[in-house]
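Here is a friendly briefing to read alongside the model. Please keep the sequence and the 3D view open as you go.

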Amino acid sequence: MTEHGRDRRRFTAAVLGADTVPEPTPVSPRVSRGVVVEATSYMLCLATPDGEERFLYERVTSFWRGAEVGPDEVGPGDDVVVLCAHDGRLVAERVWAQAARVSGVITGREGDTLEVDPGHGRPRVPVVIPYRSSGRIGVRHPRLEPGYVFDAVGVWDRGEVRAVRPATTQPPYPLAATPDRPPTPQASGTVGGIATWYDPAWGRASHLDPRARVHGVAYPALDRAGHDGCDRRTPCAPLPLLSTGATLRLRNDCTRATAVVPVIDCAAADSWLCDLCPSCGGQGAGRIASLTMTGFVALGGRLEDGCFNATVTVAQGEG
């Protein structure tokens with residue numbers, strides 16, 4: 001860690017009144033992301049920043065590419081996330097190919113293609129809604145018009161996202177007409193809500209873009225000081241204001257898996273929504289953190305589900 005990073009962590013601890021700020025949990029060895037070099041009926045070879053990695057399939061290995069598919073649907077050039085089996089780094093338990101997520105505001109529509117602005121200075125994304133997915137998406141996103149919020153999971157296909165399932169229920173009003181929420185009391189300890197995921201590499205070839213392997217979370221309640229580009233609203237959950245470099249202890253309430261992760265980015269779109277996640281019967285409303293793809297999978301999340309119920313503890317020491 002650089003001296004600047006150590007100074008920021010000491011400052012965070014002083015502001016939040018914590019005696020110690022826990023070190024981030026190392027990236028899980030069970031999760032890998034890369035681009036497919038070779039794929040057969042029994043083996044997958046990925047190009048990663050650490051070189052080529054090979055994974056064997058077992059009878060129970062499952063594959064997702066917009067739907068449950070067979071191993072023959074994964075091929076060279078695909079951007080892939082692999083979750084390894086508990087008992088071996090070389091055996092794939094689940095493989096996601098070309099997974100994508102688009103959360104933002106609709107800025108245009110032409111036929112079955114939307115343009116979505118994810119905010120935070122990221123480029124706008126063309127999103128195609130295939131006919132076979134239109135019914136499912138239309139139930140939870142009935143207003144596919146400029147100004148309305150959109151959040152869906154899908155797959156990258158030649159520079160655009162093909163949406164296959166909604167990740168939330170769309171608010172019934174345009175973002176600009178969102179009723180003001182009363183200020184929530186800012187918690188300083190533990191907060192329950194929803195953890196989601198995003199792709200810091202934003203569809204780029206993962207073996208060429210180091211952001212694909214970044215470890216951390218985007219946070220919906222960044223302090224405005226130094227984060228002018230974060231177009232956040234009053235969050236639904238009572239989250240404390242934090243800056244990048246702060247650490248969170250995040251627990252998947254369904255699997256009980258826990259990790260300490262740094263705040264690395266803005267998740268303004270998460271502050272626009274006050275939704276629930278259906279996983280394991282959680283009742284906490286509001287999004288509290290957006291993990292990177294690999295971090296979400298490492299904590300037991302399934303990319304196609306889009307969320308899990310979670311508990312966040314801010315800057316609390318080990319113990």
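Is Phe63 buried or exposed? Phe63 is buried, with a relative accessible area of 4%; buried means under 20% relative accessible area, exposed means over 50%, and partly exposed lies in between, with a 1.4 Å probe and protein chains only. This is a predicted model, in which local features need pLDDT of at least 70 and side-chain atom pairs count only at pLDDT 80 or more, while totals for chains, interfaces and linings use all residues. Residues are numbered from 1 along each chain as its sequence is written, and side-chain values use heavy atoms, with hydrogens and water left out.

**The barrel**

- Six strands close into a barrel, in the order E12-E16-E13-E15-E14-E17, and the pairing is mixed. Neighbouring strands of this sheet are turned by 45° against each other on average, direction ignored; the axes behind such angles are lines fitted to C-alpha atoms (for helices over the stretch in contact), and angles run from 0 to 180 degrees between N-to-C directions.
- A word on naming: helices (H or I, at least four residues) and strands (E, at least two) are DSSP runs, numbered from the N terminus. Two strands pair if DSSP finds at least two bridges between them.
- Strand E12 (residues 190-198) runs parallel to its partner, strand E16 (residues 287-292), and the two pair over five bridges. To find this pairing on screen, look for Trp197, which stands opposite Leu291 in E16.
- As a reminder, strands of a sheet pair through backbone hydrogen bonds, either parallel or antiparallel.

**Aromatic pairs**

- The structure holds two aromatic pairs. Rings of Phe, Tyr and Trp (its six-membered ring) pair if their centres lie within 6.5 Å; planes under 30 degrees apart count as stacked, over 60 as edge-to-face and the rest as tilted.
- Tyr57 and Phe63 form an edge-to-face pair, because their planes meet at 85°, with ring centres 4.8 Å apart. Tyr57 is buried too, at a relative accessible area of 12%.
- Phe296 and Phe308 are stacked, because their planes are at 25°, and their centres are 4.9 Å apart. Phe296 lies in helix H4 (residues 293-298) and Phe308 in strand E17 (residues 307-314), so this pair ties together parts that are twelve residues apart in sequence. Both of these phenylalanines, Phe296 and Phe308, are buried.

**The disulfide and other cysteines**

- How many disulfides does a search of the whole structure find? The search finds one, where a disulfide is a pair of cysteine sulfur atoms within 2.5 Å.
- The disulfide joins Cys277 to Cys307, with an S to S distance of 2.1 Å. With 90° about the S-S bond, this link of Cys277 and Cys307 is right-handed.
- Cys277 sits in the loop between helix H3 (268-271) and E16, and Cys307 in strand E17, so the pair ties together parts that are 30 residues apart in sequence.
- Cys277 is buried at 3% relative accessible area, and Cys307 counts as buried at 9%.
- Two further cysteines are worth a look: Cys45 is buried at 1%, and Cys84 is buried at 0%.

- Gln98 is not a glycine, yet its phi is positive, at about 60°. Gln98 is placed in the loop between strand E6 (91-97) and strand E7 (99-110), and Gln98 is buried, with a relative accessible area of 13%.
- Arg158, also a residue other than glycine, has a positive phi near 55°. Arg158 lies in the loop between strand E10 (149-157) and strand E11 (160-166), and Arg158 counts as exposed at 76% relative accessibility.
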